[in-house]
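Hi everyone, thanks for coming. I'd like to walk you through one structure today, so please have the viewer open and follow along with me.

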Amino acid sequence: MCTEPGTLKCAGCKDVLYCSAECQQADWPTHKLLCKTFNNFQQRPAANMRRIIYFPVNGTKPEFMWRPLKPDDRSREFEDGRFDRVDMDEHMNKCVFKKSFTIQINAMNDKPLDYTMVLYYDDDFMDKFPHPNEAITAAANGKLAFLWGGPLYAVCGNGYDTMDIRSMKDMGMATFADLVAFLQEYRNESVEHNLRKGPKIQAVKMTCQGERRLRGGVVCQQVMVPATHPIFDRSTPISAISERIGMPLLTHKYPKDKRFTETGDMCNQPVTFMHTDIDPQSTGFGWAPVQWDLQVGNVLLARRDRKALEPEVAEAFGAYCQLHLEAYEQWQGETESEHGKGKGDMRFKDFVLAEVTPKKWALYLEQWKYVRGHGDDEEDAGGVDGLINGVSRMAVTKRDADRILDRLLSLDNPFWAEFGKGQPV
Ligand SMILES: [Zn+2]
Ligand SMILES: [Zn+2]
């Protein structure tokens, strides 16, 4: 759907090629409305029929339809003979103001189309159909500036413009995407729309256990994401910890791979820790909501400010979240069994909130990059393994893990006394 050549075919309709999984996801909210039914429109009922797309007035999504061809009266004006048109009379003759648009460019990525699309509508729809056409709203995934009403029909063919289409073609899944790009662009001058028309954004795919089991590879991969990707929608969940440290990260789950069948395949611990609740007023403090705790799978991470996110930064951030919360969860459990339920609570919260700050994150990231640049001392870190599950793996250095272990395990540590008084350092 972007301007790059596509190599990945949609398995549902087999009628569209994407350059990447991220491009497919960007198109999916629209594509899914017709992908399945496309298979019911493979058999041409007669040689003179063409497949068109229409948006029914009382429907909830667009539909394919076969329409016959008829000779175009105007084509007698052409010197080189008569041409056929898709016969829209039955539908359009009811309209008081029959109108049409000619579309020759993809409005979202400015790619010129190698065909011409004609969109028929009734310009009188404001009076006749005062309610917005839900099928159009659904196709545009709500991203419209203009509330279209009445029926809408899209046909396409080869030719230079509406008046000069020499042969009619079928509408399909790729032409559907071009059509929706037009609807989204029409009279749309919103900031959000202009951002969606921008270049691709550098993001990170954080892989789950199954992905690494099947394909090997690294925890964080750099991916280029179209600006139209739903990860940039307002409803996308943001990691609360990332917001607190001043680098809000949007998180979007990849569709589940059917080959993720083994226990733990969908596990993506860094992402779970990123979504730990750190609202001191919340009863869920220290826990991740269930949708980020179980069945997480591969996750796309992007900065909300759309700046480039480096894989190294994403990986360090995952480790940072895990380092500061995994250990404390365990520690909280221990202090509760020792001192009674809720007793360890306040110090636990204070500790986390004092550790998770923009300044401490910047420091951590610096250390992380330094250690990465000088080779990871695995033997060093290995010494901590078994004491606190996971910390050794994710801590930047053994000193880091030790520092945290000290603070956690020694309840007489002056650090805790200080926090007990509610005076964070
Ligand atoms: Zn693409
Ligand atoms: Zn499809």
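Let me begin with one term: I call a residue buried if 20 or more other C-beta atoms lie within 10 Å of its own, exposed if 12 or fewer, and partly exposed in between. Please also keep in mind that this is a predicted model.

With that cut-off, let's go to helix α5, residues 173–185. Of its 13 residues, 11 are buried, and α5 is mostly covered. Among the buried ones are Met 173, Phe 176, Leu 179, Val 180 and Leu 183, but also Asp 178, Gln 184 and Glu 185. From first C-alpha to last, α5 reaches 19 Å, close to the 18 Å expected at 1.5 Å a residue. After the helix comes Arg 187, with a positive phi near 55 degrees.

As background, nonpolar side chains tend to be buried together in soluble globular proteins.

Stay with Met 173 for a moment. Which residues does Met 173 touch, leaving aside neighbours within four places in sequence? The contacts are Cys 10, Cys 13, Asp 15, Val 16, His 31, Leu 34, Cys 35 and Phe 38.

Asn 40 sits in the loop between α1, residues 21–35, and β3, residues 49–55. Asn 40 and Cys 13 are 27 residues apart in sequence, and their C-alpha atoms are 9.9 Å apart in space. Is Asn 40 buried or exposed? Asn 40 has 8 C-beta neighbours inside 10 Å, so it counts as exposed.

Lys 14 is not a glycine, yet has a positive phi of about 55 degrees. You'll find Lys 14 in the loop between β1, residues 8–9, and β2, residues 17–18. Lys 14 is partly exposed, because 13 other C-beta atoms lie within 10 Å. Asp 110, in the loop between β6 and β7, is another non-glycine with a positive phi, here about 60 degrees. With 10 C-beta neighbours inside 10 Å, Asp 110 counts as exposed.

Now turn to the sheet. There is an open sheet of four strands, ordered β11-β10-β13-β12, with antiparallel pairing. At the edges stand β11 and β12, each with a single partner strand, so one side of each has no neighbour in the sheet. From one strand to the next, the twist averages 30 degrees.

Let's cross the sheet pair by pair. Six bridges join β10 and β11 in the antiparallel sense, and Lys 205 has Gln 221 in β11 as its bridge partner. Next, β10, residues 201–206, runs antiparallel to β13 over three bridges, with Val 204 opposite Leu 301. Then β13 pairs antiparallel with β12, residues 249–253, through five bridges; there, His 252 is partnered by Leu 300. Why call β13 largely enclosed by the rest of the structure? Because four of its five residues are buried.

Let me zoom out to the whole chain. The chain has 17 helices and 13 strands, and 37% of its 425 residues count as buried. Among contacts with a separation of 6 or more, 64% are between residues 24 or more positions apart.

Finally, a word on confidence. The mean pLDDT of the chain is 83, and 79% of the residues reach 70 or more. Over residues 378–394, however, the pLDDT is below 50, and this stretch has 29 contacts in the model beyond near neighbours in sequence. Residues 411–425 are also below 50, with 16 such contacts. Where pLDDT is low, the predicted coordinates should not be read in detail.

Definitions and conventions. Residues numbered from 1 in each chain as written. Chains lettered and ligands numbered in written order. Predicted model: local features only at pLDDT ≥ 70, side-chain atom pairs only at ≥ 80, totals over all residues. Helix = DSSP H or I, 4+ residues; strand = E, 2+ residues; numbered from the N terminus. Pairing = 2+ DSSP bridges. Expected span 1.5 Å × (residues − 1). Axes fitted to C-alpha atoms, helices over the stretch in contact; angles between N-to-C directions. Contact = placed C-beta atoms within 7 Å. pLDDT = per-residue confidence, 0-100.
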